[in-house]
Amino acid sequence: MRALQETGDRRQEAGEATLDVREIREMFPLLAGTVGGKPLAYLDNAATTQKPRVVLDTLSRYYAAENANIHRGVYQLSQNATQAYEGARGKVAAFLNAAEPAEIIFTRNATEGINLVAQTFGRWQVGEGDDVVISTMEHHSNIVPWQMLCEEKGARLRVVPITDAGELMLDELASLLGPRTKLVSIVHMSNSLGTINPVRQVVELAHAQGIPVLIDGSQAAYHRAVDVQAIGCDFYVVTGHKLYGPTGIGALYGQRRWLEAMPPYQGGGDMISSVTFERTTYNKVPHKFEAGTPHIAGAIGLGAAVDFIRSVGFEAIAGHERRLLDYATDRLSAVPGLRLIGTAREKVSILSFVLDGVHAHDIGTIVDTEGVAIRTGHHCTQPVMARFNVPATARASLAMYNTVEEIDQLVTALTKVREIFS
Amino acid sequence: MSHLRELYQEVILDHNRSPRNFGPLEDADLQADGHNPLCGDRLSIAVRVDDGVVTDVRFQGSGCAISQASASLMTEGIKGKTLDEARALFDRFHRLVTDQTASTDDPALGKLNVFAGVRDYPARVKCAILAWHTLRAAVDNRHEAVSTE
């Protein structure tokens with residue numbers, strides 16, 4: 001612990017970005033809570049992150065003082081709401097470094113972003129005998145939409161295998177690509193293994209053969225600065241509730257040339273420019289993909305959330321999370337009978353593990369009584385569980401507000417698991 | 001801790017460590033598979049019936065301590081019972097693990113009363129009840145895999 005602080009001090013002297021975790025925690029009302037009299041150690045950030053007060057205040061202010069429907073009214077309130085909503089689009093565009101705000105489509109979540117691409121780009125581009133390429137480490141949300149599409153079109157779903165460490169086998173990816181490959185869809189950072197995939201290389205390999213790429217950034221976008229132009233991907237999806245923002249709002253980034261060419265997703269109001277019973281013409285990008293009244297408050301809340309993240313800074317966040325990951329890896333590795341699942345060289349602060357002779361659900365229930373919230377189960381990645389031949393894992397996933405003390409709390413709780421199952 | 005000890009009672013831990021009636025059953029008259037998708041628990045139950053009475057029952061599969069122990073204690077609890085009695089036990093067991101007002105010392109359930117602690121852990125009810133749902137499917141001669149979802 002002292003060593004860790006000293007490292008921190010040295011970093012500060014060296015002028016590296018650091019964050020004051022106490023200060024950060026005070027911005028999150030929920031983190032001050034207790035569970036059964038024990039302080040809460042919230043270590044399930046890969047499932048959802050907690051919300052800073054600035055996001056909660058933005059939501060409440062919007063409903064209390066700014067609520068109106070957008071893109072419709074000529075009155076001031078509606079114009080203000082429209083501006084706030086479109087302003088949030090601009091903030092998300094800047095956050096992902098999209099070339100322009102119109103390349104950001106608001107969705108319900110990352111899942112809907114992927115489904116949107118499958119149902120528009122996919123139904124348009126993928127035909128009988130074509131291939132869609134994904135990997136073993138995908139979340140079910142980046143498997144099932146493609147399975148449904150392939151079933152409908154008579155196309156094949158091809159799967160890039162992973163190593164025992166949980167790393168993507170790039171040479172296998174290269175060998176799967178061919179003239180029939182219509183899309184590669186790969187996760188940026190794995191939610192169950194913590195692996196950071198070399199997405200730029202994935203894009204280079206695919207683009208060398210003219211194949212578009214979707215990157216699932218659900219886990220990545222709250223851990224690292226994402227630059228969609230530097231990655232070069234055609235599509236990128238994120239979800240707001242993992243970005244310290246509200247649930248029910250997410251975003252799809254798509255290159256304008258694709259968004260212009262793709263057919264619309266859902267039909268309804270706002271996505272049209274004119275409607276007669278004979279013919280409807282569609283609105284321009286991005287509105288073409290946003291039928292009906294959107295989650296206006298959610299989008300504005302997401303705008304506040306990305307502002308918050310940028311104010312803390314990814315350099316400081318990544319540095320803090322790296323130190324937490326190293327500390328947690330050392331502490332957990334020293335627990336007798338514990339095996340980490342996912343040991344990639346490039347890893348984000350997600351630690352999946354199994355304990356000899358104890359099922360993950362028993363671990364989850366027991367550590368909960370010590371105030372520790374971790375996820376147990378298959379994490380919506382059943383093929384990953386099958387790959388590592390485990391029914392389930394326990395998973396601690398760390399965010400900017402987590403502390404070494406919380407990791408100690410988890411390790412202490414695990415000794416209680418051992419006591420009960422001795 | 002005391003609450004936790006009520007969930008993980010010694011009997012449950014013992015049946016998890018050394019499950020009774022575990023393994024395949026040849027010449028089974030009734031059989032069903034169960035799956036708890038959330039946890040990844042999988043069970044398969046095989047029953048031999050003679051004149052309406054359960055003469056042998058075995059289970060196979062993997063899962064958490066609660067689901068393994070529940071399957072193990074269930075096999076002990078229903079051996080020698082008629083199929084109707086087994087169905088009635090299912091109902092009593094279901095009440096035991098879900099109903100806060102149910103008796104925690106139901107004479108008909110006997111040893112199975114150790115699962116009363118599960119009612120304080122709603123997320124774990126599925127674990128305790130999986131074996132029973134699977135048995136129910138076997139007894140009702142339903143062959144599609146049972147899912148707790």
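## Exercises on a predicted model

A:Pro294 lies in the loop between S12 and H11 of chain A, where helices (H or I, at least four residues) and strands (E, at least two) are DSSP runs numbered from the N terminus. The model is predicted, and local features need pLDDT of at least 70, side-chain atom pairs count only at pLDDT 80 or more, while totals for chains, interfaces and linings use all residues. Residues are numbered from 1 along each chain as its sequence is written, and chains are lettered from A and ligands numbered from 1 in the order in which they are written.

**Exercise 1.** Decide whether A:Pro294 is buried or exposed, and find which residues it touches beyond four places in sequence.

*Solution.* Start with the count of neighbours: A:Pro294 has 20 C-beta neighbours inside 10 Å and therefore counts as buried (20 or more other C-beta atoms within 10 Å mean buried, 12 or fewer exposed, and anything in between partly exposed, with C-beta atoms placed from the backbone). Next, when residues up to four places away in sequence are left out, A:Pro294 touches A:Phe106 and A:Ala299 (contact means that the C-beta atoms, placed from the backbone, lie within 7 Å). Finally, compare sequence with space: A:Pro294 and A:Arg108 are 186 residues apart in sequence, and their C-alpha atoms are 8.9 Å apart.

**Exercise 2.** Repeat the steps of the first exercise for A:Ile272, which is in strand S11 (residues 272-275) of chain A.

*Solution.* Because A:Ile272 has 16 C-beta neighbours inside 10 Å, this residue counts as partly exposed. Leaving aside neighbours within four places in sequence, A:Ile272 is in contact with A:Thr280, A:Thr281, A:Tyr282 and A:Asn283. A:Ile272 and A:Glu167 are 105 residues apart in sequence, and from C-alpha to C-alpha they are 44 Å apart in space.

**Exercise 3.** Find how H3(A) and H11(A) are arranged, beginning with the angle between them.

*Solution.* The two helices pack at an angle of about 150°, with their axes 9 Å apart; axes are lines fitted to C-alpha atoms, for helices over the stretch in contact, and angles run from 0 to 180 degrees between N-to-C directions. H3(A) and H11(A) are therefore roughly antiparallel (under 35 degrees is roughly parallel, over 145 roughly antiparallel, 65 to 115 roughly perpendicular, and the rest oblique). Among the residues that meet are A:Leu59 and A:Tyr62 in H3(A), and A:Ala304 and A:Phe308 in H11(A). Sorted by class, the contact of H3(A) with H11(A) has ten nonpolar, two polar and no charged residues (Ala, Val, Leu, Ile, Met, Phe, Trp, Tyr, Cys and Pro are nonpolar, Asp, Glu, Lys and Arg charged, and the others, Gly among them, polar).

**Exercise 4.** Examine the backbone at A:Asn97, at A:His379 and at the bond between A:Val285 and A:Pro286.

*Solution.* Recall that most residues other than glycine have a negative phi, and most peptide bonds are trans. A:Asn97, which follows H4(A), has a positive phi near 55° although this residue is not glycine, and with 14 C-beta neighbours inside 10 Å A:Asn97 counts as partly exposed. A:His379, in the loop between strand S16 (375-377) and helix H14 (382-387) of chain A, has a positive phi of about 60°. With 24 C-beta neighbours inside 10 Å, A:His379 counts as buried. Lastly, the peptide bond that joins A:Val285 and A:Pro286 is cis, with omega about 5°, and A:Pro286 sits in the loop between strand S12 (280-282) and H11 of chain A.

Key:
Contact = placed C-beta atoms within 7 Å.
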